[in-house]
Each structure stands twice: as C-alpha cells, then as structure tokens.
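Hi everyone, thanks for coming. Have a look at the structure on the screen, and I'll talk you through some of its side-chain contacts.

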Amino acid sequence: MDSMGELWKTQLHPARSDPLSPPTVRLARYNVAVAPVIRDFQPDDFEILWRMDQECFPPGIAYSKPELRAYLRHRGSFTMVATDAENGKVAGFIVAHGGPTGHIITIDVAAKARRSGVGAQLLRAAEDRLRAAGSCAVGLETAVDNVSALSFYKRYGYSVIRTLPRYYSNGVDALVMKKELT
Ligand SMILES: CC(C)(COP(=O)(O)OP(=O)(O)OC[C@H]1O[C@@H](n2cnc3c(N)ncnc32)[C@H](O)[C@@H]1OP(=O)(O)O)[C@@H](O)C(=O)NCCC(=O)NCCS
C-alpha cells in the first residue's frame with residue numbers, strides 16, 4: 001500500500017486555477033521525431049481513458065469507472081493526456097499525485113501507439129510538473145511480471161526499492177520503484 005493506504009498501479013483534472021498547470025505543450029520525444037501533443041485531462045476524455053485502462057491491464061488490476069474517477073479527482077492529483085499530433089486521437093495518459101515524493105498512479109499507452117515514445121513523453125511531462133510543484137523524488141508500484149513497464153522505468157532512471165508481496169488482487173507482487181528528481 002502506498003502512503004495513502006490506496007492501491008496505485010504504479011491522474012488531470014487539476015482545478016483550473018492550479019498555478020502549476022502548464023498550457024498545452026508539444027514536446028519533442030526523448031529519442032525520436034514525431035511528437036505527441038501532451039495536454040491536460042478534459043472531462044470528455046474520461047470514457048476513452050477508462051477503456052484504455054481496461055485494455056492495458058488485466059481484470060482486477062484495471063480500474064473500475066468509480067476507481068478511475070476517484071483517482072482523477074483526487075486532491076493533489078493531475079492527469080496528462082497524449083494525443084496523436086495528426087489526428088488528435090488519445091494515445092495514452094498518465095495520472096500522478098504530488099507531494100515531497102510524487103507518485104505515478106498509472107501510465108497507460110494504447111497498444112497501437114507503444115514503442116514510439118508516447119510513454120516517455122508522458123513520464124517526462126509528469127516528472128516536470130512534479131518537480132515544478134516541489135517534489136524531490138517520484139515513486140511508483142509495478143507488477144513484478146510487467147516486463148515492459150520494468151524495462152521502461154529502468155530506462156528512465158527508476159530503481160527498485162523493495163517488493164510488496166501480493167500487492168495486487170490477483171496475488172502478484174509489486175515492486176516499488178523510485179527516482180530522484182533533483
Ligand atoms: C509501459 C508503457 C507505458 C510504455 O509506453 P511506451 O509508449 O510503449 O514507451 P516508449 O515508447 O516511450 O518506450 C521507451 C523505452 O522503454 C522501454 N520499453 C518500453 N516498452 C518495452 C517493452 N515492451 N519491452 C522492452 N522495453 C520496453 C524501451 O527501452 C523503450 O525504448 P525503445 O523503444 O527505444 O527500445 C506501455 O507499454 C503500457 O502502456 N503498458 C501497459 C500499461 C502498463 O503496464 N503501465 C505501467 C503500469 S506500472
């Protein structure tokens with residue numbers, strides 16, 4: 001369990017008055033050319049994000065609609081959405097929670113959009129926002145058998161801190177990973 005006693009898979013609906021909410025930005029990839037557009041969550045995105053989460057995770061780990069809604073609305077959380085620069089379709093999203101140590105709650109990239117830098121751009125955008133809000137580090141949980149996520153996080157500087165036995169409802173252990181943001 002995380003510090004809030006909640007089950008986090010690894011959220012943007014900040015108040016419109018959130019001074020740390022950047023305007024919609026177009027970011028370069030970590031390592032290649034075609035950049036997704038990274039923007040803040042809009043209420044109309046909800047259904048698409050929920051469906052994406054259902055496709056990204058197995059039953060029991062994928063969020064129910066009430067769970068996802070709660071994380072998106074959680075005080076201190078924000079959600080960023082990546083869209084295809086050409087057709088505007090949602091390619092992925094990331095939900096994070098601020099604090100001295102920020103937290104990645106989930107990151108989901110549509111199967112068709114993977115391995116093209118969308119995840120990397122979302123992660124970097126969330127890290128940038130957490131850093132700007134004063135987070136010194138960021139942590140997350142991921143399933144021990146989620147090879148792609150482990151490889152992804154390690155590539156971007158996250159280290160395994162400890163194991164949480166049977167963290168997920170299907171009995172799978174989680175690895176707690178952390179990255180310093182300084
Ligand atoms: C993990 C996830 C977010 C990565 O998103 P992505 O957009 O495919 O990631 P990127 O294209 O930015 O990948 C960047 C790097 O991460 C690593 N990586 C990503 N997916 C990988 C895979 N399946 N196998 C090995 N390495 C992988 C590689 O180093 C990759 O660089 P490369 O393509 O130049 O080799 C995506 O696979 C996903 O949504 N998975 C399902 C949901 C999930 O498990 N989320 C994590 C929850 S803890």
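I'll start with salt bridges and then move on to rings.

A quick word on the model: it's predicted, so local features need pLDDT of at least 70, side-chain atom pairs count only at pLDDT 80 or more, and totals for chains, interfaces and linings use all residues. Residues are numbered from 1 along each chain as its sequence is written, and side-chain values use heavy atoms, with hydrogens and water left out.

So, how many salt bridges are there? Six, where a salt bridge is a side-chain nitrogen of Lys or Arg within 4 Å of a carboxyl oxygen of Asp or Glu. One of them joins Glu127 to Lys179, at 3.1 Å from N to O. That pair links distant parts of the chain, 52 residues apart: Glu127 is in helix H3 (residues 118-132) and Lys179 in strand S8 (residues 174-180). Helices (H or I, at least four residues) and strands (E, at least two) are DSSP runs, numbered from the N terminus.

Are Glu127 and Lys179 buried or exposed? Both are buried, meaning under 20% relative accessible area, with exposed being over 50% and partly exposed in between (1.4 Å probe, protein chains only).

Over in another network, salt bridges link Glu47, Arg51 and Lys65. The Arg51 and Glu47 side chains meet at 3.2 Å, N to O. They're four residues apart in helix H1 (residues 46-56), so about one helical turn separates them.

Lys65 also lies over the face of Trp50, 4.7 Å from the ring centre; the rule is NZ of Lys or CZ of Arg within 6 Å of the ring centre and within 35 degrees of the ring normal.
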